[in-house]
Amino acid sequence: MNRMKLTGKSYRGGIAISTLALALAYAGAAHAQSAPTTGGATTAEEQAEIVVTGTLLRNTAAVGTSTIAITPATIQGTGAISTDQMLATIPQLSSFGQLQTANQGGTQITVNRINLRNLPQGTGGSSPTLVLLDGHRMVSVGVKQAYPDPDVIPPDLIERVEVVPDGGSAIYGSDAVGGVVNFVTKKNFDGLKFGIRQGFADNYSSTDINLTAGKSWSTGSVYVGYNYAWHGSLRGADRDYVRNTDYATGLPADLSCSPANVKVSGSNSVYAVVGNSLVQSNANRCDSTKTADFYPEERRHSVMGGFRQELGDSVEFQLKAYYAQRTDLSNGGPLRDTQTVTSANPNYISIGAGDPGSQQVSYNYGPVGGLGTVSTRLWSYGITPSVTWKINRDWQLRATYNYGQSQTTAIDPAINPSAVSAAVATGAINPYNIAASNPAAIAKALDFANYGIGKDEMSNAKVVVDGPLFRLPGGDLKVAVGGEYLHEKYRGLLVNNTYEFAHSAPFSPASRNVWSAFGELNVPVIGPDNNIPLVNSLTLSGAVRYDHYSDFGGNWAPNFAATWKVVDWISLRGRWNRSFQAPSLVQLSQASQPTATVFPAIFASFVPLLLNPAVPFNGGPIVAVQGTVSPLQPQKARIYDLGFDIRPPIAPGLGLHFTYYNIDYRGSISTPPLGSGPFYNVPGFASSYTMLPNTAQIQSRLAGAGVSQSDINNVLAQVAAQGGNAYVVADIRSRNLGVALIKGYDFGLDYAHDMPFGSIDASFNGTYTLNTTTAADGTNFLPNQADVNQPRFTSVGRLGANVGDNFRGQLSWTHRSGFNLSTPAGLGQMTVGSFDTIDLFLKYDVKRSDMLPMALTLGINNIFDQNPPVYYGNSGPLGGSGYANGSTVGRFVQLGLTVNF
């Protein structure tokens with residue numbers, strides 16, 4: 001019987017699966033990682049019922065594509081205490097080589113979105129990468145975001161993670177554009193297992209605790225697992241490479257400091273507040289990154305349980321459920337502000353002769369306890385009963401029902417702009433010396449927040465029948481057909497107001513129903529019984545899925561693929577498909593309530609990218625229409641890839657892998673990028689704004705976008721209060737807009753060889769982007785951006801050895817290539833350097849007969865304490881943190897202990 005290897009286990013099937021080197025690095029370590037334990041064994045019968053990610057057919061590899069398979073040993077070797085951190089070790093993901101944190105100072109993006117191929121993903125959307133748990137969808141979480149949180153799964157219960165970096169909508173429906181990430185959890189567990197890992201770095205620590213208990217019997221099993229994970233925060237002051245500097249002068253870039261800084265009207269000179277005087281000096285400048293978290297604190301509890309019982313010889317019932325809660329605290333440092341103060345103000349400090357009578361005073365609320373600590377709290381749960389019916393020896397029916405709910409709350413303290421303006425005007429708040437302000441006025445100013453809440457609910461039912469239709473000379477022709485129903489509901493809000501109003505504001509709802517039908521065919525044209533020269537085997541595959549959405553209608557997603565094994569050790573493969581991503585419920589909820597925001601002139605003057613280089617700034621405010629243009633259509637992609645896998649007989653244990661991919665992604669739902677200079681230079685956006693508009697033009701633009709008359713009146717009043725002359729009115733509502741054409745290739749090698757002392761293994765896995773061409777407006781394409789503001793080449797290499805059956809050692813090398821900058825940074829910087837780190841992992845299994853089975857681990861990430869490359873910029877697409885191209889906590893040492901009872 002033919003078998004295929006996946007993550008060190010044996011699976012039946014007729015097509016060899018192509019696993020990339022990230023997983024195959026551990027092939028030589030299999031016996032070191034599979035030492036007998038008390039729990040977690042998988043029987044041969046269970047192995048025979050595997051459904052691999054990317055196909056509906058049991059015991060059959062997805063044709064024409066590659067699969068990255070990640071084992072628990074892989075996860076342990078990374079030192080990650082969350083699935084997001086573990087996934088950041090995969091070069092094909094945009095998060096590769098970066099610290100993963102769900103919230104770094106905002107209320108909208110509260111969940112890390114997995115993104116294969118670095119495809120466009122707008123705020124409020126999901127992600128063009130589908131996340132599955134045991135092959136089914138998970139409930140979304142987030143405020144103005146709709147995406148599952150993979151960190152809800154206790155790491156000790158993950159049997160393996162399968163990543164298919166290719167379009168999969170023909171099998172799974174929406175979101176599987178860049179690919180699919182499937183977390184496969186344990187089916188059985190017998191015994192009791194406890195594990196703890198403690199990590200340390202300079203000014204930083206982490207704790208990870210796992211406890212799993214279960215019982216197996218001849219016809220079933222039950223288990224429950226708990227995970228607690230926590231890591232502290234890191235502020236900019238904890239790492240010298242984090243900085244916000246004016247590199248032209250070498251001075252800190254921030255003026256909103258304590259004591260305050262002042263700019264007089266008509267001058268760029270900076271005056272420092274010294275007592276009751278202004279001194280032309282930079283002495284009060286400060287670096288806001290030093291008092292803010294660049295890696296926030298996170299605490300997570302998650303519980304998952306499973307039950308399995310055979311009901312006779314042909315029916316099996318399973319039930320899996322999870323509950324998780326997470327809290328993130330991100331200290332943004334003191335709240336900051338800039339106020340215009342005139343000579344009529346009782347607190348005004350004149351510079352003396354030549355004083356124009358108007359000043360911009362920049363200060364912060366640190367001395368009066370005004371801190372911007374963002375608190376994000378979320379919980380979610382899911383329950384999934386399923387029934388498997390073995391209709392006969394070959395055919396099987398699988399029916400699954402999946403229900404989940406979640407809630408996310410985010411509070412970002414802010415200052416009340418109207419209260420502050422009024423209090424500054426009367427002198428109750430003294431921006432020159434905030435500590436001398438009226439306490440009641442300060443309390444009113446700080447009774448304000450950006451407040452967000454999101455509630456999600458999902459109900460999903462799916463039935464699949466599969467089996468062989470008849471026998472061909474090359475093997476069994478297999479077919480799978482099925483249907484699916486999905487109901488999703490979302491209620492959310494995001495407001496900027498007093499705490500009392502924020503908690504009582506009305507929700508924006510959205511819901512929809514999706515009915516789906518699908519089928520897949522696997523045709524082994526040539527196999528072992530009828531092979532011919534140069535065609536050892538040839539398998540064709542086709543799949544199609546139809547989804548009908550209650551909001552935008554129907555969508556077809558086809559897929560065609562082939563795997564041709566030239567000889568026993570050379571396989572060629574190819575695949576073509578159309579995949580899609582439906583609009584998220586968050587985006588739909590915004591369609592019926594367009595709003596208008598007035599950004600004050602002071603904001604525009606401090607963010608020069610908001611200004612049109614062809615129109616001089618008139619000192620007026622910016623008016624922006626926000627929301628979603630309706631109706632939204634799905635984002636669609638045409639994808640094909642070609643590749644090969646070679647295992648040369650002259651080098652036993654060596655595997656070579658290559659995949660070329662080509663993605664044409666259109667109709668990306670995004671927001672016209674007001675706030676980046678190219679907005680005004682792209683012809684497609686010319687109809688989206690009016691420069692130097694009069695009152696009638698503002699009213700016409702807002703009314704045409706569907707803004708309510710009361711909001712229009714409010715906007716006009718705000719513009720009038722700021723002088724009556726707006727700089728621009730722009731419609732920046734989300735819509736089907738962008739196009740991205742992306743080409744590149746994945747490559748890898750793996751090697752495993754037995755040695756007298758045990759075994760050695762090595763791997764190298766990477767991805768290289770040949771071309772990234774985008775058109776923000778859908779028609780006017782930028783030149784190739786593959787190495788602009790992002791690395792085009794990322795890779796991970798590993799070298800490991802097993803000594804005997806109880807010791808494992810491994811070195812890993814992570815690389816992100818350097819890249820060019822779209823605009824020069826400070827000191828004329830045009831490029832950002834590469835970033836490389838080396839990690840070490842050691843494991844020792846204690847197998848003495850007089851002791852409980854246990855394992856001791858030592859991990860050292862970033863052994864040489866490398867800092868990310870310097871970035872001499874304090875604005876632009878890479879921000880102003882002082883570094884770019886990856887992130888790290890520095891040298892991180894982690895000790896672990898696992899005991900089986």
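Residues are numbered from 1 along each chain as its sequence is written, and side-chain values use heavy atoms, with hydrogens and water left out. As the model is predicted, local features need pLDDT of at least 70 and side-chain atom pairs count only at pLDDT 80 or more, while totals for chains, interfaces and linings use all residues.

Helices and strands are DSSP runs numbered from the N terminus (H or I over at least four residues for helices, E over at least two for strands). An open sheet is formed by 5 strands in the order β17-β16-β15-β22-β21, with antiparallel pairing; two strands pair if DSSP finds at least two bridges between them. At the edges stand β17 (277-280) and β21 (336-342), each of which pairs on one side only. From one strand to the next, the twist averages 30 degrees; axes are lines fitted to C-alpha atoms, for helices over the stretch in contact, and angles run from 0 to 180 degrees between N-to-C directions. Strand β16 (residues 270-274) is joined to β17 by 4 bridges, and the two run antiparallel. Opposite Ala272 stands Val279 in β17. Helix α7 (residues 417-426) packs on this sheet, where it touches β21 and β22 (358-364), and its direction makes about 40 degrees with that of β21. Contact here means heavy atoms within 4.5 Å.

A further open sheet has 4 strands in the order β31-β32-β36-β35, and its pairing is mixed. Its edge strands, β31 (595-599) and β35 (689-691), each have a single partner strand, so one side of each is left without a neighbour in the sheet. The twist in this sheet averages 15 degrees from one strand to the next. A parallel pair is formed by β32 (residues 622-626) and β36 (residues 728-731), which are joined by 4 bridges. Within this sheet, Val625 stands opposite Asp731 in β36. Helix α12 (residues 695-704) packs on the sheet and touches β31, β32, β35 and β36; its direction makes about 10 degrees with that of β36.

A disulfide is a covalent bond between the sulfur atoms of two cysteines. With the criterion of a pair of cysteine sulfur atoms within 2.5 Å, a search of the whole structure finds 1 disulfide. It is formed by Cys257 and Cys286, whose sulfur atoms are 2.0 Å apart. The torsion about the S-S bond of this pair is about -90 degrees, so the disulfide is left-handed. Distant parts of the chain are linked by the pair, 29 residues apart: Cys257 lies in the loop between β14 (251-252) and β15 (261-264), and Cys286 in the loop between β17 and β18 (293-295). Cys257 has a relative accessible area of 2% and is therefore buried; buried means under 20% relative accessible area, exposed over 50%, and partly exposed in between (1.4 Å probe, protein chains only).

Most residues other than glycine have a negative phi, and most peptide bonds are trans. The peptide bond from Ser258 to Pro259 is cis, with omega near 5 degrees, and Pro259 lies in the loop between β14 and β15. Another cis peptide bond runs from Ser630 to Pro631, with omega near 0 degrees; Pro631 is in the loop between β32 and β33 (635-646). Leu827, although not a glycine, has a positive phi of about 60 degrees. This residue is found in the loop between β41 (819-820) and β42 (831-832), and Leu827 is exposed because its relative accessible area is 60%. Asp865 also is not a glycine and has a positive phi, of about 55 degrees. The loop between β44 (854-861) and β45 holds Asp865, which counts as partly exposed at 31% relative accessibility.

Ser795 is placed in strand β39 (residues 793-803). At 0% relative accessibility, Ser795 counts as buried. Not counting residues up to four places away in sequence, the residues that Ser795 touches include Pro91, Phe96, Phe764 and Trp813.
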